[in-house]
Amino acid sequence: MYRPSPEEARLGLRAMKTVATSGGSFPAAARRLLEASQRMFLGTSEDLDTLPLITKEAFAEAFTVPELREQLTRAMVVLSLVSGKPDP
């Protein structure tokens, strides 16, 4: 498992928040998953309410390490399922 740097972790959280809030709200289950991710894996304590979203272009530019990109993409898939019913 690739261990992201603090900056990569922040950018990853931004990407995950973008996925979690794509339906317009920030579901409680998604928030809890991001908070747990920070405590258990990332070792960060970002304020999720003030954390900005990220564009797909900024995501692609920020994550050039294939292992990290794949790991984060998998996390976002899990997060999308936790966030509630997927959009069609």
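Is Phe 63 buried or exposed? Phe 63 is buried, with a relative accessible area of 1%; buried means under 20%, exposed over 50% and partly exposed in between, with a 1.4 Å probe and protein chains only.

Before we go on, note that this is a predicted model, where local features need pLDDT of at least 70 and side-chain atom pairs count only at pLDDT 80 or more, while totals for chains, interfaces and linings use all residues. Residues are numbered from 1 along each chain as its sequence is written, and side-chain values use heavy atoms, leaving out hydrogens and water.

**Rings**

The count of aromatic pairs comes to one: Phe 59 and Phe 63, in a tilted arrangement. Rings of Phe, Tyr and Trp (its six-membered ring) pair if their centres lie within 6.5 Å, and planes under 30 degrees apart count as stacked, over 60 as edge-to-face and the rest as tilted. Phe 59 is buried too, at 14% relative accessibility.

| Ring contact | Distance |
|---|---|
| Charged end of Arg 3 over Phe 41 | 4.9 Å from the ring centre |

A charge sits over a ring if NZ of Lys or CZ of Arg is within 6 Å of the ring centre and within 35 degrees of the ring normal.

**The largest pocket**

Phe 41 turns up again here: among the 18 residues lining the largest pocket, Phe 41 is one of those nearest its centre, along with Met 16, Gln 71, Leu 72 and Ala 75. Lining residues have an atom within 4 Å of a point on a 1 Å grid, and a pocket is an open set of points where a 1.4 Å probe fits, with protein on both sides within 12 Å along at least five of seven lines. Helix H4 (66–82) is one of the helices that supply at least two lining residues, and H4 gives the largest share, six residues.

Conventions:
Helices (H or I, at least four residues) and strands (E, at least two) are DSSP runs, numbered from the N terminus.
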